[in-house]
Amino acid sequence: MAIDPNQEFLVQPVDASWLQCNIECQEACPVGTNCRGYLNLAAEGRFEEGYILAREPNPVAAMCAYVCSAPCERACRRGDIDRPLAIRAMKRFLTEWHQASGIPDDMPNITPRDTTVAVIGAGPAGIAVARELAVAGHQVTVFDELPYGGGTMLIGVPAFRLPREAIEMDLKLVERLGVRFRYGVRVGRDVTFEELLKQYDGVAICAGAMNAVALDVPGGDLDGIQYGVDYMKKANLGEPMTVGKDVVIIGGGYTAMDCSRTSLRYGAQNVTIAYRRTRSELVVDEEELGETEREGVRMEFLVSPVEVLGDESGKVRAVKFVRNRLGEPDATGRRAPVPIEGSEFEVKADTVIPAVSQAADNTFLPVESNFEINRGRVRVDPGTYATNVRGVFACGDFVTGPTTLIEAAGHGKKCAYAIDRYLSGRREVDVDANVRIVSSWRHEMPEFYDVLPRVHVPMLSVAARMPSNDPQVNFTTPVERGYSAPQAITEGTRCLMCNYNIWFDGFRCVLCGACADVCPEGVIHMIDINQMKSEGALPELVDAYGWSEGAAMVLDEERCIRCALCVKRCPYDAITMERFELQEISSDGRLYKESYRDTQLGLMGIGNRAEAGGFVR
């Protein structure tokens, strides 16, 4: 590929931070899971080791195996070639393999302490807070008004997507750490907030955001309107359900998708999801949307409700919508929908389910405590998760508003670390990066890794998903079947192993260009040294600027597939593959992030440097 001689190349120093950020799947995970590591272990058939690597950093790993929003997949660099790795489905396979194996989970050695913490809410954030504090030795009690733990996962996510056994698996592991759960207890009714402040050294509020935001259009109080969070709660708790033949869901998130698919299982014949933006702006993943449409749900994009229409008896009969066009970007950078005058139309409906947003319930908080509230949410310090009331912390959807399972768990982990510092009297904690880089002239990727297509996640046929006239049977019939062992090995083989990086030895390189010629992706280029620019002062560039015949080899790291053909082709052994490993350990002994224990690739090569050098990409 010809290079424009006037084009400039921004280069960066290769340090530990750059190398870690290059492993984009792990960086995208809110709990720092070494996704690449367990994919590679699975590819070798080392399933139990893969499970351990997936489980340890994630307090809700079993639930994530079924319904994680998988930000790691959106970040996966394989997606730039064809399709990203099915990372969530791989975690499900490893979790189910572990369960079937009967191998017990190893529990950490805990040194008990006298400090006590009350956690309000047994959802993803509460589970994360409880687990991390229990591992640190604190005595933790979790209060929840529901009959069982899981929070939003229990009452908001349908059983055909998330088996109740997965929720139980995560809860049992936390209970084995010594955490006490008190279900059916509502703070403010069965126990007062003031009593918790007196009895415990710290209080963590993880109460979620399960109050529906009202539909603010005329007719919003008609008979037949059921809000999404209440609708899913009834279905999940097995309460009586009233579902009409024609159902309209307003919203475009996971709750909207779940409500639509639940309606079909309860006998609805025509189900429509109305979303005010475009398909590309939906917050749900393409797989979830695809299964929703496959089951027969109709999607209406770029429409907004203007009125719910009723009959003489006050019962819903239709919803009036107006079509939108996209206008200027709003405060979040998304283009705001603008109504098109004269484009109104009606959609017939017996049941209308608004699933637009949710809010936190603050009514259990004592007024006299004077919590700072911002836009209906308790305000916390972003660095410590502390409220303005001493000893009280808050995290998860209760603070942020509705997010995802993995985001809430990540928030909970960080909150637990802050509570641990508070109870231990530490003001600050230093985190040191322990880096190991191993050089090798030999690197073999698995055969056909670059051409293997993404393995389709097996699903039940649409007819088999609703096999009964009993809605409860349909509601609890799993849709996704999960990978077999051969399928998991195949999918894991597609990983590009982003912890490997190419190193050019400037003292050996003679600028012959053989590496650029053999590269199948065209990511290596020889350029004039004066085309290279950096954001900061790089000694390599400062010393080289001005050379009339100076040239350099540059690598586009975003598109490199680690095939190592350049390493094999170089006639002077000027190129090596560098295996990067990292441990981030805090001064209080906590392991924040690691990629050390997945040494699954056989020969580790020769040479060993303690730190990354000053070469550039």
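A salt bridge is taken here as a side-chain nitrogen of Lys or Arg within 4 Å of a carboxyl oxygen of Asp or Glu. The model is predicted, so local features need pLDDT of at least 70 and side-chain atom pairs count only at pLDDT 80 or more, while totals for chains, interfaces and linings use all residues. Residues are numbered from 1 along each chain as its sequence is written, and side-chain values use heavy atoms, with hydrogens and water left out.

Across the whole structure, 42 salt bridges are found. One of them joins the side chains of Glu-287 and Arg-454, with an N to O distance of 3.5 Å. Glu-287 belongs to helix α14 (residues 286-294) and Arg-454 to the loop between β19 (431-440) and α17 (462-465), so this pair ties together parts that are 167 residues apart in sequence. Helices (H or I, at least four residues) and strands (E, at least two) are DSSP runs, numbered from the N terminus. With a relative accessible area of 26%, Glu-287 is partly exposed, whereas Arg-454, at 14%, is buried; buried means under 20% relative accessible area, exposed over 50%, and partly exposed in between (1.4 Å probe, protein chains only).

A salt bridge also connects Arg-465 and Glu-295, whose closest N and O atoms are 2.9 Å apart. Since Arg-465 is in helix α17 and Glu-295 in the loop between α14 and β9 (298-301), the pair ties together parts 170 residues apart in sequence. Arg-465 is buried at 1% relative accessibility, and Glu-295 is buried at 8%.

In the salt bridge of Glu-444 with Lys-568, the closest N and O atoms are 3.3 Å apart. Glu-444 lies in the loop between β19 and α17 and Lys-568 in helix α22 (residues 565-569), 124 residues apart. Glu-444 is exposed at 61% relative accessibility, and Lys-568 is partly exposed at 45%. Salt bridges with shared partners join nine residues into one network: Arg-161, Asp-258, Arg-261, Arg-265, Glu-288, Glu-291, Arg-294, Glu-295 and Arg-465.

An open sheet of five strands shows parallel pairing in the order β4-β3-β2-β5-β18, two strands being paired if DSSP finds at least two bridges between them. Its edge strands, β4 (180-183) and β18 (392-394), each pair on one side only. Strand β5 (residues 202-205) pairs with β18 over three bridges in the parallel sense, and Ala-394 in β18 is the bridge partner of Ile-205.

Helix α4 (residues 47-55) is mostly covered, with seven of its nine residues buried. Among the buried residues are Phe-47, Tyr-51 and Leu-53.
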